[in-house]
Amino acid sequence: MSISQLCAAVGCCMSPRRVNYVVTILFILFTASAAFGATLVVPAGGDLQAAINAAAPGDTIILEAGATYRGPFVLPRKTGDAYITIQSSRASEITGRVTPAHSGLLAKLRSSIADPIVRTAAGAHHYKLIGLEISTFSSTDFIYDLVRLGEPAQDLASVPHHLTLDRLWIHGFPTQDLQRGISLNSSDTAIINSYISDIHSVGTETQGICGWNGPGPYQIINNYVEASGINVMFGGSMPSITNLIPSNIEIRRNYLFKPLSWKVGHSTYAGIHWGVKNLMELKNARNVTIDGNVLENSWGDSQIGYAVLFTVRSEGGRAYWATVENISFTNNIMKNTEQGFQLLGTDHPYQSGRGNNLMIANNLFTGI
């Protein structure tokens, strides 16, 4: 029976005041039932993509902790604004930031082909991924992005939005070439409590998290991010959406780190010369709060060992609107880097916007 039929039924035998009361209660129960959604359990060896395709907004997909699910996986666009949640059966046992030590509590998403392990379809929205390990099957598998949030969208309507990545371990292998942990070209996206590691390549710039074709807002909070090239970057590639500037970005309480085993000549050097650049770089970004982070280890290699760069770059003048403005860098700790900051207000001789309104305050620099 529909809610309208129920209303008609109660209306024939009650006073108007009582009818209004009952109708209100029925509406609340009906809405709550729709919001809770169904629980879809995918056992080890089950078809996760089929479950994702079948899920309705509000549903939760439960994956078996420790089990492996073969991808790649696509998050399709659905109608409705309730979240579809994909999570490990033991995600609730992980409090705070996930680490590799939690591997047994995570459901494992794997692939052996070049496509991202997880990617969004155009316009996909309202997904939460919780308590997952995302990687290839082996160190010899070739891949560019482990997670790709947003394809090269040509307009804002095609940009994925309302996405949450929570307690994910996203990683390569110690000897594996790959380019990026998360390609962040979405909007209304949170990356929280996660661990991104072994993102490195020989001869190719790599990033742990990088966004250039999504408008924001973004929350990057309480993560460990490890990459040989640049741990976190916004800008650096040509946006396919004209006038786009990644904006309203919070970067708080993260640990951005490069292992010294990647440093040629160090006593712990592991023997592979990954291309090392810096720990954080903004080339096209607006309204960014960077607060309470730890940034550790950067040395002369592909660059001269900067910790942080705020440098306007317009991709040879093609993104002539690019700017780095309204930036707050506060309460951070920078350790063991050969240089501190590089600041660049315009992309001279190319046309660009003008960087402005930069505050650097109350930070600790040690071992510079």
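A residue counts as buried when its relative accessible area is under 20%, as exposed when that area is over 50%, and as partly exposed in between. Asn248 has 42% relative accessibility, so Asn248 is partly exposed. These values, like those that follow, come from a predicted model. Asn248 lies in strand β20, which spans residues 247–252, and has a positive phi of about 60° although it is not a glycine. Most residues other than glycine have a negative phi, and most peptide bonds are trans. Glu315 is placed in the loop between β25 and β26.

Two peptide bonds also deserve a look. The bond from Gly216 to Pro217 is cis, with omega near 0°, and Pro217 is found in the loop between β16 (207–211) and β17 (218–221). His348 and Pro349 are likewise joined by a cis peptide bond, with omega at about 10°. Pro349 lies in the loop between β28 and β29.

The strands can be followed sheet by sheet. Strands of a sheet pair through backbone hydrogen bonds, either parallel or antiparallel.

At the β1 end of the order, strand β1 (residues 39–42) and β2 pair in the parallel sense over four bridges, and Thr39 has Thr60 in β2 as its bridge partner. Together with helix α3 (residues 48–54), β1 and β2 make a right-handed β-α-β unit. In a regular strand the side chains alternate between the two faces of the sheet. Strand β2 (residues 60–63) is covered on both faces: Thr60 and Ile62 on one side, and Ile61 and Leu63 on the other, are all buried.

Next in the order comes β5 (residues 84–88), which pairs with β2 in the parallel sense over four bridges. Across this pairing, Ile62 stands opposite Gln87 and Leu63 stands opposite Ser88. β5 is mostly covered, with four of its five residues buried. β5 also pairs with strand β8 (residues 125–130), again in the parallel sense and over four bridges. In that pairing, Ile84 stands opposite Tyr127.

Towards the β29 end of the order, β26 and β29 pair in the parallel sense over five bridges, and Ile327 stands opposite Leu358 in β29. Strand β23 (residues 285–291) holds Asn287, which has 30% relative accessibility and therefore counts as partly exposed. Asn287 and Pro246 are 41 residues apart in sequence, while their C-alpha atoms are 8.7 Å apart in space.

Nine strands form another open sheet with parallel pairing. Here the order is β4-β7-β10-β13-β16-β19-β22-β25-β28. β4 (73–75) and β28 (341–344) stand at the edges with a single partner strand each, so one side of each is left without a neighbour in the sheet. Neighbouring strands of this sheet are turned by 20° against each other on average, direction ignored. The partner of β28 is strand β25 (residues 308–311), and the two pair in the parallel sense over four bridges. Thr311 stands opposite Leu344 in β28.

The loop between β25 and β26 (324–330) also contains Ala319. Ala319 has a relative accessible area of 1%, so Ala319 is buried. The C-alpha atoms of Ala319 and Leu129 are separated by 33 Å, and the two residues are 190 residues apart along the chain.

Finally, the empty spaces can be considered. Rolling a probe the size of a water molecule over the atoms shows where empty space is left. The largest pocket has a volume of about 160 Å³. It is lined by 15 residues, of which Arg148, Pro152, Ser183, Asn185 and Trp212 are the closest to its centre. The elements that give two or more residues to this lining are β10 (143–149) and β13 (178–184). By class, the lining of the largest pocket has five nonpolar, six polar and four charged residues.

Methods: Residues are numbered from 1 along each chain as its sequence is written. This is a predicted model: local features need pLDDT of at least 70, side-chain atom pairs count only at pLDDT 80 or more; totals for chains, interfaces and linings use all residues. Side-chain values use heavy atoms; hydrogens and water are left out. On a 1 Å grid over the protein atoms alone, a cavity is a set of points where a 1.4 Å probe fits but cannot get out, and a pocket is an open set with protein on both sides within 12 Å along at least five of seven lines; lining residues have an atom within 4 Å of a point. Grid points are joined across faces, edges and corners, and a volume is the space filled by probe spheres set on the points. Ala, Val, Leu, Ile, Met, Phe, Trp, Tyr, Cys and Pro count as nonpolar, Asp, Glu, Lys and Arg as charged, and the others, Gly among them, as polar. Buried means under 20% relative accessible area, exposed over 50%, partly exposed in between (1.4 Å probe, protein chains only). Two strands pair if DSSP finds at least two bridges between them. A crossover is right-handed if, with the strands pointing away from the viewer, the path from the first strand over the helix to the second runs clockwise. Axes are lines fitted to C-alpha atoms, for helices over the stretch in contact, and angles run from 0 to 180 degrees between N-to-C directions.
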